[in-house]
Structure formats: structure tokens, C-alpha cells
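The following note sets out numbered points on the model shown below.

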Amino acid sequence: MKWTSLSLLPLLGSLAAAAPSAPDAPGWRFDLKAERSGIVALEAIVVSPTLVIFFDRASDDPLQINNHSAWGALWNLETSTVKPLDVLTNSFCASGALLSNGTMASVGGDPRGFPGNPAIHPGNQGIRIFEPCASPTGDGCTLFEDPATLHLLEDRWYPSSIRIFDGSLLIAGGTHVNENFYNLHPANSFEFFPPKESTPRPSAFLERSLPANLFPRIFALPDGKVFMVANNQSIIYDIEANTERILPDIPNNVRVTNPIDGSAILLPLSPPDYVPEVLVCGGTQTDPIDPSLLSSQTPATTQCSRITLTEEGIARGWEVEHMLEPRTMPELVHLPNGQVLIANGARSGFAAIKQVPDAIGNSNSDHAVLVPSLYTPDAPLGQRISNAGMPSSGIARVYHSSITLTPQGNFLIAGSNPNANTTVGPGIKFPSEFRVQTLDPPFMFVNRPKILSFPQKLAFNKSFTVPISVPTELTRPGAKIQVSLMDLGFSSHAFHSSARLVFMDATISRDHRSLTFTTPPNGRVFPPGPATVFLTIDDVTSEGAWVMMGSGRPPPTLE
């Protein structure tokens, strides 16, 4: 029989109908963990390839240690399980970072105790030390504290801290006492850990930015200076000269620091010039008026403001764009490919607990934002923010929530507690939240590149070659290759302090078996200390390699 093209059409149509459809491309997913955090994870920091420290206030959390409620915990990223960590001083609303030798230092906190938990010591001069721990499960890993001999120079509740160019911490701001809402008893000063001076350095900037300047957003710039945002004001602070340069205010009367929380991030730094840009998103367009005149329904802002910290960029001032929804208390976190995740927060209201007259239970905020967005820094203005394909978390993450990128390449999300203690039960819209989730990017569900081995330390301004494996589907000519050197930061109160991404020049060998990259030129571009290195090919990211960037010497160390 002679077959014609027309006679084949019904057969081809029936075959097409019967053929299985192509599988959907993987998308972003929230994964709810079976185990709960045991404490409200209002602060989070990755301290090893497998461990994250959570801190809460010292109160009545369900996780127990030494016959009392714990307020510190180690979360195991491999097993999604938690174990209590014994803490002496009250770490509520503290800050922290990793030092040049890998030590984690948590600084500041709450001066109060809590009824029924007699183990608590005042935390507002607290320094909590967690030395590098070799155990992948945290067995034998402990905090060290000695309040009598190891403490801050000044009482600080709600401070910020970052690792700077010599591997030490710059600690900025805070309040001396338990404020009700605004900062009325301020620590308008800077100090260092380890200490370099016998008294704190007064800050005219922190004085000017009162009363809404708690948890100032501070960033170590690649020339060693520090960019700071508090309230609606900004400066560049020269640590070595102890001088400040006043920069333009955040536009449109938007305030961005506690209790009027937006978030901020230093955008990725790229060779050869490492031009610094800062992005500030969220907060509220308001004057800092008496909280009795504010409302849980006061709309947050959709505004994001971006500034390039060169002479030309400062002259241009802030460039304004807008998120897809208003957010107060969002958090901005890097992806290894240079995008920024915008997560958590609420559409209206403020930080802190039950100061506005129409609080939702105890929450000064309302209308939690459940769907994250992605910000693409190099996209055209007006096209940088999208939530296409993003799922809903299903869990409100408002005041006292945390999020961090992990060495596995996904995001660990926990916490939320706009209450004065553990508050759970039916009918509570914003309870104390102990559920833990990861937000898993699409590359978690496909074949990924692998870094097969890696040096324990990387020297500055050197070339290194390491073995890798690359899936066949990622070996196309002209594939986009990115190697990111990252500080995963310290999450607390809508700010990811010390978070940093520095791209490194890199090439992959023709056989796709080795990766050669060049490290940053010095410790100003990437402050010496722990880092995680990721390889990304066409937006598919490897697991991270944990490494010491620099000598690993204790601070101060100029490298």
C-alpha cells in the first residue's frame, strides 16, 4: 500500500496523544523538616560545613539542657536534627560573626533574666565564643563565656557586628537597656573584638540617626572602609582615620532600621575593580512618631534603593526600584550565582512586641509575606525582581525569624516570635515558631557540578587548581562559569551581617576535570576568615567547599 502524508496524520496524532509528556523542569521547593528547632531561631550562623548555631532569648523554650530551657542550639544540616547548646548570658537580640581564625563570636544581648530559668546571666556586655569544631555532628562542641573577664566595653542590646579587613569585629550601636520601642538609651559608639582601645569610639552618625537606629546595617567595603545605614541616613566610615563621610539619605522618607525594619545587602563584588554597590529593601515610609500613633496596618514600603559607592555613584545618589509587594522585616541573602533572595517579613506594621494600639495578638505587624522573590542585580532597572515559579512557605516568618544560605546550596529558614515568651496554641495568628524549613533551589534536583577536593586554606592573590566533575549536560561550549567566595553571614532581625560574595576569575579545563581560579588580592576585598566556595555552571551550583581564606591566624591580621 502506498502511504500518503495525509493518511499518516491520524496515526501520528494518536501516537502523540499516547506519548508521555516531558517531565516538568524542577522548580523551587519548601521542605518542612520533621524535627523542630526546640528554641526560636531568631539568630542563625553557619559555623561548619554541617552545623548552624541558633540563638534565642533566655526564656521558656521547650528544648532543655541541664534541667532548664535552652536558648542556644546546634542544627545539623545533614540530619536535620537539633541538640541544645549551653549558653550562660542572655543572647536575645545579639549580633555576631566569624573571626579570622574561624572562631564565632556572639556579642551583646539582653540584660534580663526570666522567671523559672535561674541560669541566665545578663547579656548586654556578653561575648560568647564558639571555637572551630571538627565534629560534623557537634559532639563535644561548646560555647565559652567568662563574663567577669571577657565582655564588651559598653552595654549593647540590638548591636550590629561585621568582620573587617584585619579579621576582627567592628561592633556598632545598640541600646544600654531594654527599650520599649525606639532607642532612647543609645550606645552611640563603635568598639572592636578583640578590643583595640580602652574606650568605645563615639559616633556622630549614630547620634544623628536616633531614635530608629537599632541594628544598623553595616558593610565592609573592598577598600577597608565601612558603609553604614541607620534610620534613613548613610555614611562611609573610615576605621583607620576615625572619620565619617555623610552620604545621601534613603529616598522618600523611608526608614530601614529597627524598629522600622528594612533589610540591606552588599551586592556581589567582581574582579578586577570590585566596585561596591549596596541594596536596601523594605521598611516604612514614616516619621519616627510615638508608637501609640502607629498601627499594625501601617503599610510597609515596596521601595528598594541601590547606590554605587564610587565618586560617580555617590553623586548620582540612590536608584529606586520596587518589590512586588510591601515588606517590613524582609531579609536579603545571596545566591552563589549572584542573585539575591528576598524572603520573610510582613506587608504592614513594625518590629518589636505589642507597642502599637492594634497589635495582632502581640505582633506589631500583620499580613505575612509567604512567597519569596529573586533580585537579579545585572538585569535592567524595573526587571530585576521576580517571584515567577516561587512557592509559598505556608509559615509566617515575621519578627524574630532567620534565614541563611547553607554550604549545601539551599536556604535554612526558622524562627518567628513576636511574643514575650513561648506563645503557642489555637487562635494565635503569629505564635512562637519552632518549625524549620529549607528553601531548595531548582539545581538541588538535577545533576550538579562537584568540587572533588579543596585546600584547607587559600592565600590571597594566588592561583589554585582543584579537581572537579561536571555533568555532561553542563559541558556545552560557552557555558557560564562562576566561582563565588562567600561569607554566609549572621542572620538576626532582618539583617544578614558580614554576608559577602566575591566572584573569582576562573576557567575549567578542556576535559572538564579541573577548575583554576584566582583568589582576591587582599583581606580588604574579602576579610580573612572562613569562607565557602561554590562552582556554578549555567546557574547549576555545586555544594560548597568550606575553606579558610587567609592564614587562619587570630585577629588582628593584615593580609
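1. The link of cysteine 281 and cysteine 304 is right-handed, with 115° about the S-S bond. This link is a disulfide, with the two sulfur atoms 2.0 Å apart; a disulfide is defined here as a pair of cysteine sulfur atoms within 2.5 Å. It joins distant parts of the chain, since cysteine 281 belongs to strand β22 (residues 277–282) and cysteine 304 to strand β24 (residues 303–308), 23 residues apart. Strands (E, at least two residues) and helices (H or I, at least four) are DSSP runs, numbered from the N terminus. Cysteine 281 counts as buried because its relative accessibility is 0%, and cysteine 304 counts as buried at 0% as well. The terms of accessibility are as follows: buried is under 20% relative accessible area, exposed is over 50%, and partly exposed lies in between (1.4 Å probe, protein chains only).

2. On the basis of the values: this is a predicted model, in which local features need pLDDT of at least 70, side-chain atom pairs count only at pLDDT 80 or more, and totals for chains, interfaces and linings use all residues. Residues are numbered from 1 along each chain as its sequence is written, and side-chain values use heavy atoms, with hydrogens and water left out.

3. How many disulfides does a search of the whole structure find? The search finds 2. Besides the link already described, cysteine 133 is joined to cysteine 141, with an S to S distance of 1.5 Å. Both cysteine 133 and cysteine 141 are buried. With the bonded cysteines numbered in sequence order, the pairing reads 1-2, 3-4. Cysteine 93 is also buried, with a relative accessible area of 0%.

4. The count of salt bridges comes to 22, where a salt bridge is a side-chain nitrogen of Lys or Arg within 4 Å of a carboxyl oxygen of Asp or Glu. One of them pairs aspartate 139 with lysine 83, with the closest N and O atoms 2.5 Å apart. Aspartate 139 sits in the loop between β10 (127–130) and β11 (143–144), while lysine 83 is in strand β7 (residues 81–85), so that the pair links distant parts of the chain, 56 residues apart. Lysine 83 counts as partly exposed because its relative accessibility is 26%.

5. Lysine 196 and aspartate 166 also meet in a salt bridge through their side chains (2.5 Å, N to O). Lysine 196 lies in the loop between β14 (189–193) and β15 (201–202), and aspartate 166 in the loop between β12 (160–163) and β13 (169–172), 30 residues apart. Are the two partners buried or partly exposed? Lysine 196 is partly exposed, at 38% relative accessibility, whereas aspartate 166 is buried, at 5% relative accessible area.

6. A further salt bridge connects arginine 208 with glutamate 244, the closest N and O atoms being 2.7 Å apart. Here helix α2 (residues 204–208), which holds arginine 208, is linked to strand β19 (residues 243–247), which holds glutamate 244; the two residues are 36 residues apart. Arginine 208 is partly exposed at 33% relative accessible area, and glutamate 244 is partly exposed at 31% relative accessibility. Elsewhere, a network of salt bridges links Glu154, Arg156 and Glu191.

7. There are 12 aromatic pairs, counted when ring centres of Phe, Tyr and Trp (its six-membered ring) lie within 6.5 Å; planes under 30 degrees apart are stacked, over 60 edge-to-face and the rest tilted. Phenylalanine 181 and tyrosine 182 have ring centres 4.8 Å apart and planes at 75°, so the pair is edge-to-face. Phenylalanine 181 is buried at 4% relative accessibility, as is tyrosine 182 at 9%.

8. Phenylalanine 464 and phenylalanine 517 form a stacked pair, 5.9 Å centre to centre with 25° between the planes. Phenylalanine 464 is in strand β37 (residues 463–469) and phenylalanine 517 in strand β43 (residues 514–518), so the pair ties together parts 53 residues apart in sequence. Both phenylalanine 464 and phenylalanine 517 are buried. Phe92, Trp157, Tyr158 and Phe215 form one aromatic cluster.
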